[in-house]
Structure formats: C-alpha cells, structure tokens
Amino acid sequence: VEAAAASEPGAPVPQGCVGAGTGAVTGVVKGGVGSASTVLGSGITVAALVVANAAGSTVDPETGVLYGELFGGRVEYPGAEVHAAAQRRLAETAARSTPPPLNTTLAVVATDADLSKAQAQKLAGTAHDGIARAVRPVHLLNDGDTVFALATGDRALDAANPLALNEILAAGADMVTRAIVRAVRAAETVDGPGGAWPSYGELYAGR
C-alpha cells in the first residue's frame, strides 16, 4: 500500500516475485503477482491485479502451454524436446517440494465506470471465470480464491443500453486471465528451505 501510494499515477506495476507473490505457487510452478488492463470502446478502463497462488496448475501437462494463453489469440506451443526437458525438471523438484496445503488466488478488478454496489458485486463474481480459464483444477477445497471489485465512478454507463455492464463483466474476466499469465511469466525460480519451485520462464526458456 505504501509503495502504491508513493508511486505516480500510471507507473508500471511490479510483477512476479514481489509482495504477496513472493511465496506464491501455482501447482508445482512458481506463481506471483501480475496485472493487466484494457480500455473498452466506450472509453471505460478495466484492470486487474492478481496474486496467482493456486493448488491447481497454470500449465497444460500435455503441451506445456499456459492455459490462460489459450484465450488470447494465437498460441505458440513449446517444442517437444523443450517440453520433455521441462517435465523432467519438474519431476526432479517435485521429489523435494511439498505443495502448500492451503492456497488463495487473490484478485482486484478495478474500473473507472460508475457502478452500483450490486453491479460491482456482479463484476467480482464473473471475474472468477478468469481464474477458471487460467488454472486447472480450480476453486478446490484448499483454495480460498477471492476477487474484489472497485469502481471509481468517473464514467457513466450508457443509460440507453440496459446491457452496457456486459462488456465490463467480460473484460474483467479477461483481465484476470491475462494477469495470471503475466504473473507466472514474470515469476523467478525459487530454491530454498520451503522447497524448489521452478519458474515457467526457466522451464520454457525463450518461449
């Protein structure tokens, strides 16, 4: 909070192994903090800040691609040799690393739209779909996944369109997915008393 208050508006948000992301993991791969934002055609901004820390995995074990990237357009799949080497590395580290018994993926979805309390609650609820796109399995009993929604009220919704909220709801989920991808990609390998948690960047270098 102090770092955020001291930074200038629009300043880059630190990502990866920072803040709450320092001890975050996703499955057997290092997790972290990630952020993403978009400006809709209406001029409304929707953004997300996520701490990716899940019992489930963010990586497809069959291909090595991040689940969340399957929803972002063209997907670049790792080569077979790179994926095989990554799986060997994960098997080695899994032998001396015990996954945490409890996990919590935390997210904040913020917009400059003028939302009512009920609309903000709806935004927080649908944003959970963004976690479900990026993590499998998701929302398990040992996950405490929570999404908060914030609205500054600077931009009014189109009063002539009763479904104007829909584009904000869709964007909120999309930004959560993208933020999780960025969190995992920005994370760095950790090897210490708490175990060995390789980063996606180390496992699939150059991708």
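**Reading the sheet, the helices and the loops**

Modeller: Strand 4 and strand 5 run antiparallel and are joined by six bridges. Please bear in mind throughout that this is a predicted model.

Biologist: Which residue of strand 5 stands opposite Ala48?

Modeller: The residue opposite Ala48 is Val109 in strand 5.

Biologist: How many bridges join strand 3 to strand 4?

Modeller: There are eight bridges, and these two strands run antiparallel. One of the pairs is Ser35 with its bridge partner Leu49 in strand 4. Another is Gly32, whose bridge partner in strand 4 is Ala52. Strand 3 and strand 4 form a hairpin with five residues between them, and Gly43 in that turn has a positive phi of about 90 degrees.

Biologist: In what order do the strands of the open sheet lie?

Modeller: The order is 3-4-5-6, in an open sheet of four strands with mixed pairing. Strand 3 (32-39) and strand 6 stand at the edges; each has a single partner strand, so one side of each lacks a neighbour in the sheet. From one strand to the next, the twist averages 10 degrees.

Biologist: Let us turn to the helices. How are two packed helices described?

Modeller: Two packed helices are described by the angle between their axes and by the distance between the axes. Here, helix 3 and helix 4 (residues 165-186) pack at an angle of about 40 degrees, and their axes are 7 Å apart.

Biologist: Why are helix 3 and helix 4 called oblique to each other?

Modeller: Angles under 35 degrees count as roughly parallel, and those from 65 to 115 as roughly perpendicular. The angle between helix 3 and helix 4 is about 40 degrees, and the two helices are therefore oblique to each other.

Biologist: Which residues meet where helix 3 and helix 4 are in contact?

Modeller: From helix 3 they include Leu123, Ala127 and Ile131, and from helix 4 they include Leu169, Ala173 and Val176. The residues of this contact divide into 10 nonpolar, five polar and four charged.

Biologist: Across which strands does each of these helices lie?

Modeller: Helix 3 lies across strand 5 (106-113) and strand 6, running at about 130 degrees to strand 6. Helix 4 lies across strand 3, strand 4 and strand 5, and runs at about 145 degrees to strand 3.

Biologist: How is the accessibility of His139 classified?

Modeller: A residue is buried under 20% relative accessible area and exposed over 50%. His139 has 39% relative accessibility and so counts as partly exposed.

Biologist: Is Ser199 buried or exposed?

Modeller: Ser199 is buried, because its relative accessible area is 5%. Ser199 is found in the loop between strand 8 (195-197) and helix 5 (200-203). Leaving aside neighbours within four places in sequence, Ser199 is in contact with Val29, Lys30, Ala187, Glu188 and Thr189.

Key:
Residues are numbered from 1 along each chain as its sequence is written. This is a predicted model: local features need pLDDT of at least 70, side-chain atom pairs count only at pLDDT 80 or more; totals for chains, interfaces and linings use all residues. Side-chain values use heavy atoms; hydrogens and water are left out. Buried means under 20% relative accessible area, exposed over 50%, partly exposed in between (1.4 Å probe, protein chains only). Axes are lines fitted to C-alpha atoms, for helices over the stretch in contact, and angles run from 0 to 180 degrees between N-to-C directions. Angles under 35 degrees count as roughly parallel, over 145 as roughly antiparallel, 65 to 115 as roughly perpendicular and the rest as oblique. Contact means heavy atoms within 4.5 Å. Ala, Val, Leu, Ile, Met, Phe, Trp, Tyr, Cys and Pro count as nonpolar, Asp, Glu, Lys and Arg as charged, and the others, Gly among them, as polar. Two strands pair if DSSP finds at least two bridges between them.
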